[in-house]
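Reader: I'm new to reading protein models. Could you walk me through this one, one question at a time?

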Amino acid sequence: TAGGPLRGKVTDKRDGTYEVHFKSVPSLKCMLSVTIGGHHVVGSPVEVKVAKPLDIKKMNKIQKEIKIGGACYAVACGSDGMLYAAKYNTKEILVINRAGQIARRFKHGCDHVNGITFSKSGNIVTSDFSNHVIKIYTPTDQLVSQFGGQGSE
């Protein structure tokens with residue numbers, strides 16, 4: 001950064017990945033350098049965008065809304081900084097902004113979404129355990145494709 005290097009706490013997750021945590025970091029773009037034994041690893045340094053974390057206290061404002069009609073069984077944070085929460089038995093996904101407000105909601109047509117993730121292209125990927133279906137949506141909530149379904153005996 002312009003003010004000098006930021007030092008974070010590095011945690012080895014023991015699965016080939018690491019987490020880096022910073023205290024009081026403003027939203028900014030910076031260069032991330034990863035070195036081992038004083039030598040850069042492949043791809044280092046790389047420009048990254050550091051975002052302020054979500055304010056959990058603000059998230060409590062929508063806790064009641066999320067619980068109406070069912071609990072959330074799947075939650076994921078998108079690269080857009082939004083929190084995606086699939087409500088159980090309501091066939092909808094809530095998209096929650098950094099202020100803790102529901103920015104939008106969209107119907108996904110599955111009762112039991114138990115997983116949300118994002119593809120490299122930014123598409124939203126959901127899994128429904130009771131219907132055995134994977135659905136892929138654009139970042140604007142349009143269904144791109146789906147696969148899977150109930151098998152036969």
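Predicted model: local features only at pLDDT ≥ 70, side-chain atom pairs only at ≥ 80, totals over all residues.

Reader: Okay, is Glu 92 buried or exposed?

Author: The cut-off for buried is under 20% relative accessible area. Glu 92 has a relative accessibility of 8%, so Glu 92 counts as buried.

Reader: Which residue forms a salt bridge with Glu 92?

Author: A salt bridge is a side-chain nitrogen of Lys or Arg within 4 Å of a carboxyl oxygen of Asp or Glu. Here the closest N and O atoms are 3.2 Å apart, and the partner of Glu 92 is Arg 105.

Reader: And how many residues apart are Glu 92 and Arg 105?

Author: Strands (E, at least two residues) and helices (H or I, at least four) are DSSP runs, numbered from the N terminus. The salt bridge between Glu 92 and Arg 105 links distant parts of the chain: Glu 92 sits in strand E9 (residues 92–96) and Arg 105 in strand E10 (residues 102–107), which puts them 13 residues apart.

Reader: How many salt bridges does the structure hold?

Author: Besides the one between Glu 92 and Arg 105, there is one where the side chains of Arg 14 and Asp 12 meet, at 3.8 Å from N to O. Another joins the side chains of Arg 104 and Asp 141, at 2.8 Å. The structure holds 3.

Reader: What about Arg 104 and Asp 141: how many residues apart in sequence are the parts that this pair ties together?

Author: Their side chains meet in a salt bridge. Arg 104 lies in strand E10, while Asp 141 lies in the loop between strand E13 (133–137) and strand E14 (143–148), so the parts tied together are 37 residues apart.

Reader: Why does Asp 141 count as buried?

Author: Asp 141 lies in the loop between E13 and E14, and has a positive phi of about 70 degrees although it is not a glycine. Asp 141 counts as buried because its relative accessibility is 16%.

Reader: How are the rings of Tyr 84 and Phe 118 arranged?

Author: Rings of Phe, Tyr and Trp (its six-membered ring) pair if their centres lie within 6.5 Å; planes under 30 degrees apart count as stacked, over 60 as edge-to-face and the rest as tilted. There are 2 aromatic pairs in the structure. In this one the centres are 5.0 Å apart and the planes stand at 70 degrees, so the arrangement is edge-to-face.

Reader: Which of these two residues is buried, with a relative accessible area of 2%?

Author: Tyr 84 is in strand E8 and Phe 118 in strand E11, 34 residues apart. At 24% relative accessibility, Phe 118 counts as partly exposed. The buried residue, with 2%, is Tyr 84.

Reader: What is the angle between the planes of Phe 106 and Tyr 137?

Author: Both Phe 106 and Tyr 137 are buried. They form an edge-to-face aromatic pair, 5.2 Å centre to centre, and the angle between the planes is 65 degrees.

Reader: Last one: which are the edge strands of the open sheet of 4 strands?

Author: Two strands pair if DSSP finds at least two bridges between them. The sheet has the order E11-E12-E13-E14, with antiparallel pairing. Each edge strand pairs on one side only, and the edge strands are E11 and E14.

Notes: Residues numbered from 1 in each chain as written. Heavy atoms only, no water. Buried < 20%, exposed > 50% of the residue type's maximum accessible area, 1.4 Å probe, protein only.
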